[in-house]
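This report describes selected features of one structure. The sequence and the model are shown first, and the text follows.

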Amino acid sequence: MADVIIAGGGPVGMLLACELRLHGVDVVVLEKLSEPSPHSRAFRLQPRTMEMLDYRGLAERFRQDRPQWPKAHFAGLQPLLDLSRLTSSHPYSLLIPQAHTERLLEERATELGAGIRRGHEVTGVAQDRDGVHVLATGPEGPYDLRCRYLVGCDGGRSTVRRLAGFDFPGTGASVTALLGDVILDDPGQLPSGVPGTTRTARGLLMAVALEAPYVRVLTTEFRPPQDGADVPVTLDDLRESIARVIGTPVDIREPRWLSRFSDATRLAGRYRDGRVLLAGDAAHIHFPIGAQGLNLGLQEAMNLGWKLAAEVRGDAPEALLDSYHDERHPVARRVLQETRAQLALMNPDPRTDPLRELFGELLALAPVNAHLSALVAGTDVGYPQDGHAHPWTGRAVPDLALKTEDGRTRIAELLHPGRGILLDLTDSDALSAPARTWAPRIDLVRARTLHSADAGAGAAVDTATQSALETATQTAVEAVLIRPDGHVAWAGPADAAAPGLTDALHTWFGPPARP
């Protein structure tokens, strides 16, 4: 019996496999494609996702030879969102194709020992009190598997979601969108060039340069789809859609990928049903803007991985696994709201123009720009906390530069093993007892914070960290309990009897390991 079967070997399934293997969980990934897809829907990783990859020592793998863009758009309006002002150690979008993201995560999952079966897909699901029976089909035909937990990471048309009976409420398609990676001999035929976005009374056209000589051309027409989602797109379909949107034909040829999508928007009513869970597009679909779906799914995998591992080990506190739904479902609902808002602002109806003009004025206001930047970057996410908790509780921990007895480091580096951290920023020994009690689920780290003046070469304190240091000083933070996913579980004085510390340890790390 496998501990966990993951249906779907895209980026979300691969990151979840990495997280589970980091904790020694036996993982089998079933991916129906025999080879990784060379095509990419999404082309960027958000600041919050880059922070999470940094927590696992993967940020440099992803950043290698990839451009960083400190901007983002909201509904194609000007001015652009300014990500460089975010309180983040990675205040930029990393421009990286989804296919490359998937490859890097599969490499890491393989390094950690995940069992990856390509050309295998789930065809049957039945769960009982002790586990899940999975019927799969591979190159040699159908076979049976048994696991303790099954996670559906198998996309918007998720087989796991359907077979396990999850409800998937929402709204159907009201726009028709086509995508083509094609050769465009004369970019001057497009009104806004490449890259560029054209909004006409008949729809939207976007063009993005890929590796030469290919260009991605996307059209969005604000009318319900005429064809079903499974009907193949032809080059003539894309040509005709371009001509309708901009009013003139464009010469395109040699497509290497053609696809269709829509604004159908749905969110699973629950992320967990017993021993079956959902993550990524299996749990939510929406109009694709700014790679929101990919990043949302990766953040779900990071939230779920350590919790499911604790459940498999048998030391998970009550309701820990349920907190996956409780924390991430509202975040997804917020993303769906945001993508709907952006699409509404892009509607070509002339009656939308005054709203766009007003919204452009609002984007020029620094507080509004900062608010929307944090929204699309994922850095505004904070999980529920009680009314007496420290302001940091539930938020992503600032990536403080630290000096420990072993030398200089950062909080992100301390999180590489995937365990919790009890960070003592004083010279006392007051937290040794709870740290020993909850070992090895948490590591006690004694350190002092480094300001820019004393960080030294290779450990410079960025603006975000300096801001966090100032906040720590103002709020008298002496100790921080950090979850494996980088969110703060508790912050306060370096005192084993400090209010809330023991409760937080029990809530997130289970019963004490020993008296």
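Leu 358, Leu 362 and Leu 365 make a nonpolar surface patch of about 250 Å². Areas come from the Shrake-Rupley method with a 1.4 Å probe. The model is predicted: local features need pLDDT of at least 70, side-chain atom pairs count only at pLDDT 80 or more, and totals for chains, interfaces and linings use all residues. Residues are numbered from 1 along each chain as its sequence is written, and side-chain values use heavy atoms, without hydrogens and water.

Leu 358 lies in helix α9 (residues 353-363), a helix being a DSSP run (H or I) of at least four residues, numbered from the N terminus. Thr 339 belongs to helix α8 (residues 322-345). Beyond its neighbours within four places in sequence, Thr 339 is in contact (heavy atoms within 4.5 Å) with His 286, Phe 287, Ile 289 and Gln 292.

The table gives burial classes: buried is under 20% relative accessible area, exposed over 50%, partly exposed in between.

| Residue | Relative accessible area | Class |
|---|---|---|
| Cys 18 | 4% | buried |
| Cys 147 | 0% | buried |
| Thr 339 | 1% | buried |
| Leu 358 | 45% | partly exposed |

The structure holds 0 disulfides (cysteine sulfur pairs within 2.5 Å). For Cys 18, the nearest cysteine sulfur is that of Cys 153, 12 Å away.

Note on methods: Buried < 20%, exposed > 50% of the residue type's maximum accessible area, 1.4 Å probe, protein only. Helix = DSSP H or I, 4+ residues; strand = E, 2+ residues; numbered from the N terminus. Patch = residues over 30% accessible without salt bridge, like charges linked within 9 Å, V, L, I, M, F, W, Y side chains within 5 Å. Salt bridge = Lys/Arg side-chain N within 4 Å of Asp/Glu carboxyl O.
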